[in-house]
Amino acid sequence: MTEAQWTAVDGYVTELLIPKEPALDEALRASAEAGLPPNQVSPAQGKLLHLLARAQGARAILEIGTLGGYSTIWLARALPADGRLVTIETDPKHAEVASTNIARAGLAHLAEVRTGNALDILPQLAAERREPFDLIFIDADKTGTPDYFKWALDLARVGSVIIVDNVVRKGALADFRDSDPNVVAMRQFHELLSVERRVSATTIQTVGTKGYDGFTLALVLDQNSR
Ligand SMILES: C[S@@+](CC[C@H](N)C(=O)[O-])C[C@H]1O[C@@H](n2cnc3c(N)ncnc32)[C@H](O)[C@@H]1O
């Protein structure tokens with residue numbers, strides 16, 4: 001299998017199952033025009049997030065790592081009219097582009113971009129004591145993932161779903177000679193998961209337009225029920 005084949009299959013699936021959506025296409029165009037890196041999820045991944053949020057019946061969603069708001073739009077579109085999404089972005093330029101993209105998609109009443117370092121914003125969210133988040137998507141700097149996951153647990157409820165992107169890192173996750181800090185952080189995250197009794201989790205490897213990587217899905221459980 002080659003990367004060209006993965007990309008061709010992604011193209012085929014996207015063509016048949018993910019009709020062109022002006023707001024999403026425009027978000028990608030505006031993000032590229034503003035010079036943002038093309039690090040957003042693929043259309044197929046965005047739709048998976050959307051479907052998971054709908055299957056979950058999510059009313060409150062937290063995203064850590066907004067970029068231009070592409071995944072934010074997919075997720076916010078899964079919310080009911082009185083739903084709520086908070087997305088955290090440290091880079092003011094990314095946050096500004098995302099806010100414009102979200103507004104253009106007609107989702108400004110549902111999705112709020114909080115600008116700042118996630119490690120500053122997450123304690124603020126906890127202090128606000130609003131309703132717990134039903135779905136949390138972690139997709140910011142990769143070395144922060146273990147800490148973001150701990151905060152996600154604090155901000156979730158039994159039954160919440162936590163999704164963490166880019167955990168496989170071209171297979172380096174299981175190459176113990178690889179000491180890249182992003183890879184080491186993903187191993188720490190998996191070690192954390194293995195002893196965390198409040199969740200049951202699995203990691204799925206993926207290929208496609210974004211290359212070889214993968215994501216973790218964790219379900220928050222009653223303690224000791226896994
Ligand atoms: C992979 S991109 C997010 C992609 C986005 N979720 C999507 O799929 O459309 C990661 C984003 O996280 C942001 N980021 C990096 N470190 C952060 C931090 N400590 N707190 C909040 N955001 C951070 C980056 O500026 C970048 O915009």
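Is Met186 buried or exposed? Met186 is buried, at 0% relative accessibility. Buried means under 20% relative accessible area, exposed means over 50%, and partly exposed lies in between (1.4 Å probe, protein chains only).

## About the model

This is a predicted model, in which local features need pLDDT of at least 70, side-chain atom pairs count only at pLDDT 80 or more, and totals for chains, interfaces and linings use all residues. Residues are numbered from 1 along each chain as its sequence is written, and side-chain values use heavy atoms, with hydrogens and water left out.

## Met186 and helix 8

Met186 sits in helix 8. Helices are DSSP runs (H or I, at least four residues), strands are DSSP runs too (E, at least two), and both are numbered from the N terminus. Helix 8 covers residues 181-195.

Follow the chain from Met186 to Lys142 and the two are 44 residues apart in sequence. In space, their C-alpha atoms are 7.4 Å apart. Now take Met186 and Arg29, which are 157 residues apart along the chain. Their C-alpha atoms are separated by 31 Å.

## The aromatic pair

The structure holds 1 aromatic pair. Its members are Phe149 and Phe189. The ring centres are 5.2 Å apart, with 70° between the planes, and the pair is edge-to-face. Rings of Phe, Tyr and Trp (its six-membered ring) pair if their centres lie within 6.5 Å; planes under 30 degrees apart count as stacked, over 60 as edge-to-face and the rest as tilted.

The pair links distant parts of the chain. Phe149 is in helix 7 (residues 145-155), Phe189 is in helix 8, and 40 residues separate them. How accessible is each ring's residue? Phe149 is buried, with a relative accessible area of 1%. Phe189 is buried as well, at 0% relative accessibility.

## Around the ligand

Which residues come nearest to the ligand? Of the 22 residues around it, they are Gly65, Glu89, His94, Ala118 and Asp139. A residue counts as near if one of its heavy atoms lies within 4 Å of the molecule. Helix 4 (70-76) and strand 2 (84-89) each supply at least two residues of this shell.

Some side chains put polar atoms by the ligand. A polar side-chain atom of His94 lies 2.8 Å from a ligand oxygen atom. An N or O atom in the side chain of Asp139 is 2.8 Å from a ligand nitrogen atom. For Tyr148, a polar side-chain atom lies 3.0 Å from a nitrogen atom of the ligand. Taken alone, the ligand exposes 600 Å², and the protein buries 89% of that. These areas come from the Shrake-Rupley method with a 1.4 Å probe; for residues, only the protein chains shown count as cover.

Tyr148 is in helix 7. Tyr148 is buried, with a relative accessible area of 3%. Tyr148 and Arg187 are 39 residues apart in sequence, and their C-alpha atoms are 14 Å apart in space.

## Two residues in helix 2

Arg29 is in helix 2 (residues 22-33). Arg29 is partly exposed, with a relative accessible area of 39%. The side chain of Arg29 makes a polar contact with the side chain of Glu26, at 2.5 Å. A polar contact is a pair of N or O atoms within 3.5 Å; within protein, one must be able to donate a hydrogen and the other to accept it, and residues adjacent in sequence count only if both atoms are side-chain atoms.

Ser31 is also in helix 2. Ser31 counts as buried, at 9% relative accessibility. The side chain of Ser31 makes a polar contact with the side chain of Asn101, at 3.4 Å.

## Loop residues

Most residues other than glycine have a negative phi. Asn166 has a positive phi of about 65°, although it is not a glycine. Lys170 also has a positive phi, near 55°. Asn166 lies in the loop between strand 5 (156-165) and helix 8, and Lys170 lies in the loop between strand 5 and helix 8 too. Asn166 counts as buried, at 19% relative accessibility, whereas Lys170 is exposed, at 71%.

Gly208 lies in the loop between strand 6 (199-206) and strand 7 (213-220). Gly208 is buried, at 2% relative accessibility. Gly208 and Gln45 are 163 residues apart in sequence, and 9.6 Å apart in space, C-alpha to C-alpha.
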